Amino acid sequence: RIQGHISRHGRAILRGVLCEAAWVAVARDPALARSYHRIKLRRGGKRAIIAIARKLIGRIRHCLLQRQVYLLGYGEEDLKPMLKSEVKRTTMLDKVA
């Protein structure tokens with residue numbers, strides 16, 4: 001599946017914050033970290049973090065629309081489901097603090 005890019009239209013500050021959030025997500029979320037490293041090998045680090053930012057905004061949107069808590073480690077179709085004991089539940093307030 002080919003996704004589009006993050007366009008340069010819209011608020012620049014929001015794009016910057018989203019990229020910063022993507023770096024934090026790569027450090028904390030094992031599924032996003034694996035995706036980042038896989039993309040980095042093919043496309044380079046800068047493009048990889050933009051791809052992760054795009055994935056992250058899709059996950060944020062899904063959580064908001066479905067009123068669900070974000071689960072670390074989920075979201076990669078090619079990965080085996082993690083055991084419930086391995087899943088860390090976090091809320092938006094945990095991310096801000």
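A nonpolar core is a set of buried Ala, Val, Leu, Ile, Met, Phe, Trp, Tyr and Cys residues joined through side-chain atoms within 4.5 Å. The model shown in these views is predicted.

**View A. The largest nonpolar core.** This core has 17 residues. Val-26, Leu-32, Tyr-36, Ile-52 and Tyr-70 have the most contacts inside it. Helices α1 (12-28), α2 and α3 (45-66) each give two or more residues to the core. The top contributor is α3, with six residues.

**View B. A positive patch on the surface.** Four arginines, Arg-38, Arg-42, Arg-43 and Arg-47, gather here in a patch of positive charge. Helix α2 (residues 30-43) gives the most to the patch, with three residues.

**View C. Arg-42 within the positive patch.** Arg-42 sits in helix α2 and is part of the positive patch. Is this residue, Arg-42, buried or exposed? Arg-42 counts as exposed because its relative accessibility is 60%, and the cut-off for exposed is over 50%.

View E. The relative accessibility of Leu-14 is 57%, so Leu-14 counts as exposed.

Terms used:
Residues are numbered from 1 along each chain as its sequence is written. This is a predicted model: local features need pLDDT of at least 70, side-chain atom pairs count only at pLDDT 80 or more; totals for chains, interfaces and linings use all residues. Side-chain values use heavy atoms; hydrogens and water are left out. Patches are made of residues with over 30% relative accessible area and no salt bridge: like charges are joined within 9 Å, nonpolar side chains (Val, Leu, Ile, Met, Phe, Trp, Tyr) within 5 Å. Accessible areas come from the Shrake-Rupley method with a 1.4 Å probe; for residues, only the protein chains shown count as cover. A salt bridge is a side-chain nitrogen of Lys or Arg within 4 Å of a carboxyl oxygen of Asp or Glu. Lys and Arg count as positive and Asp and Glu as negative; His and the chain ends are not counted. The place of a charge is taken as NZ of Lys, CZ of Arg, CG of Asp or CD of Glu. Helices (H or I, at least four residues) and strands (E, at least two) are DSSP runs, numbered from the N terminus. Buried means under 20% relative accessible area, exposed over 50%, partly exposed in between (1.4 Å probe, protein chains only).
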